[in-house]
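Dear colleague,

Please find below the structure that I am handing over to you. My notes on it follow directly after.

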Amino acid sequence: MGKILAARLARLVATLFAVSLLTFLLVEQLPGDPVTALLPPEALHDLETMERIRTELRLDDPALVRYGRWVTDALQGDLGKSYITDQRVADAIRDRIPVTMELALLATVIAAVLAIPIGAFSAYREGGRFDRVMSVFTTASLSIPAFVAAIFFIWLFTLKFNWLPSTGWNRITDKGLLANLKTAILPASALALAPLAINARLIRADMIGTLKEDYILSARAKGLRSRYILMRHALRPSSLTAITIFGLQFGALIGGTVVIETIFALPGLGTRLISGIYQRDVTMIQGITLFVATVYVVVNLLVDLLYLLLDPRIRRQ
Amino acid sequence: MSESKDITGSPDAKSKGNGRLSAVKEMPFFVKCALFWLVFIVSAAIYTRLDRLFGQALPLQDPFYQGFLFGGASPVEGPSLDHLLGTDILSRDNLSRLLHGAWVSLAVAITVVSFGIVFGGLLGAFVGYARGRWETLVMGIMDVVLAFPPLVLLLALVAIYKVRSLPVIALVFGVLGIPTYVRIARANTLGVASREFVQAAEAIGTKRIWILFREIIPNILPSLFAYALINAGFVIVIEGTLSYLGLSVQIPEPTWGNMINEGRRDIRRTILPIFWPGLFLTLTVVSLNMLGDWFQQRVAIRSSAL
């Protein structure tokens, strides 16, 4: 176990190093004077400011030195400052990460909670009516692009029925859980559609295999009730695969919330990234990209380790 | 899926027919529909290109003609004989814009798939068969690219480098799509390389490069194709998303994504200008997914019989 852990950690450090290098090069490779890329267009006549920023950022140093400084700063939680909005990138991330995290978490939970019964009952009555209906449903929900689903939800639940708000965000700390869920449920549902379908399919396939095992037959022979067998005997071994997938999806969703946040105008990281893109705020784009990729890599590693921890067969090796 | 049943039920039906037509015949009904839709979309894309080539001489409305400026139509009309799917908020013909928009989605998807199969497939097969230091290096590089959430890296690239033209966008998508194909090609190569026919070829002293091209690559291609179909759907969604954000091919050139974005401004009045491109996007992705699933099952059956 210790050996595996050390190997994984070494790999994590190597990956993160490469990720940071790539993110740095993304901006470094920009053609032309880097100062012109950092500043808003109207500041470009101001030669004095440009010179000040050049010395402030020590842009005349060799690229390798600047990369070293950038990474050291990043490790200490300093991702630089936006020259467009005058905001520190790390502050922007800290302000906005709760919304993104909650959306990703809520979407993962929705996808998991709905997928388990759908997958389990589809497998239990393989080829039956429920299975066939769900197969159509999962194909559809896998294929509808999240942003199309989001806009359709807004049209249906806000404009037609007027049940839920289409924009804005209530913080849990300000308005309580219920008001918060009211603003979070539509975006989270739109996000959950694709992972829901993937989960349901995987759980179904996994359980069809499990249900053919001998110990299920012997449980049946003992006269145990079907529901009990399904939940206790069949779902348990399948839950390992499921947990791994849920974790990986959570990591992917942190990147996936970008568009959904924009559509619902939520104060999350994705909205900040997009507004940074529209303003061509290079420091902000670079910082958020590095942050999201880091979270993604770390979450994936944690899921890997969790899998090791849960499965005694792998742990013993 | 329920369709899987009649495929697995009659494995001998496949061996009877030869050629591609018999494969179409034994498709389940829904997969046939999917294929039909994809053929329709591809023809639409080609037709609209020809239409532009001939200076809009073919029978189809002009996708840029604004009826309320020059007469002939008003904004957000419902479906009529002149405009089969109605008009958008600038009173342009929806149907024509949808068909013209198919080109961007397809061009990007086809670029990604061919880059993936040609470069990714070759690279993956090569390192999977050669093993050793090259394998470690190449897979390490691929892992770094895959360490980014796909949309975020694309957004950063497109935003920082101000990429807005179709060829460059297709190129960026194509290059970023390669790593997954390398992974799949390598994983399959590892499996194929341990099979008897490869060992036999090695035993009689066939050159390794010959084995790579004659024994290994033909055997990993089916699983690459199966992935390519599903991947094409994914790419079309990502391109649609970028288009929706206004970061892909620019208006007035129609793409399904930017049509949805333009339609959003009038969502209170009507959903139709959003509904059509949304439907086209979804149907195309559904079709690719269904065809991909079906193909994957066939590949799985065939390789288990190998």
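This is a predicted model: local features need pLDDT of at least 70, side-chain atom pairs count only at pLDDT 80 or more; totals for chains, interfaces and linings use all residues.

Is B:Glu135 buried or exposed? With a relative accessible area of 8%, B:Glu135 is buried, where buried means under 20% relative accessible area, exposed means over 50%, and partly exposed lies in between (1.4 Å probe, protein chains only).

Residues are numbered from 1 along each chain as its sequence is written, chains are lettered from A and ligands numbered from 1 in the order in which they are written, and side-chain values use heavy atoms, with hydrogens and water left out.

Salt bridges within chain B

B:Glu135 forms a salt bridge with B:Arg186, with 2.6 Å between the closest N and O atoms; the term denotes a side-chain nitrogen of Lys or Arg within 4 Å of a carboxyl oxygen of Asp or Glu. B:Glu135 lies in helix α7 (residues 132–146) of chain B and B:Arg186 in helix α9 (residues 166–193) of chain B, so the pair ties together parts that are 51 residues apart in sequence. Helices here are DSSP runs (H or I, at least four residues) and strands likewise (E, at least two), numbered from the N terminus. B:Arg186 is partly exposed, at a relative accessible area of 21%.

A salt bridge also joins the side chains of B:Arg183 and B:Asp143 (2.6 Å, N to O). This pair links distant parts of the chain, 40 residues apart, with B:Arg183 in helix α9 of chain B and B:Asp143 in helix α7 of chain B. B:Arg183 is partly exposed at 40% relative accessible area, whereas B:Asp143 counts as buried at 18%. Salt bridges that share partners join A:Arg11, B:Asp143 and B:Arg183 into one network.

The interface

The side chains of A:Arg11 and B:Asp143 meet in a salt bridge across the two chains (2.7 Å, N to O). The contact (heavy atoms within 4.5 Å) takes 43 residues from chain A and 37 residues from chain B. About 3,800 Å² is buried between the chains, 77% of it from carbon and sulfur atoms; buried area is the accessible area (1.4 Å probe) that two parts lose on being put together, summed over both.

Chain A

Chain A has 14 helices and zero strands. Its C-alpha trace spans about 85 × 55 × 35 Å along the principal axes. Of its 317 residues, 47% count as buried. Residues 24 or more positions apart account for 72% of the contacts in chain A with a separation of 6 or more.

A:Met284 is found in helix α13 (residues 282–310) of chain A and counts as buried at 1% relative accessibility. A:Met284 and A:Ala90 are 194 residues apart in sequence, yet their C-alpha atoms are 9.1 Å apart in space. Leaving aside neighbours within four places in sequence, the residues in contact with A:Met284 are A:Ser82, A:Gln87, A:Val89, A:Ala92 and A:Arg272.

Finally, the side chains of A:Lys81 and A:Asp86 meet in a salt bridge (3.6 Å, N to O). A:Lys81 is partly exposed at 27% relative accessible area, and A:Asp86 counts as exposed at 56%.

With kind regards
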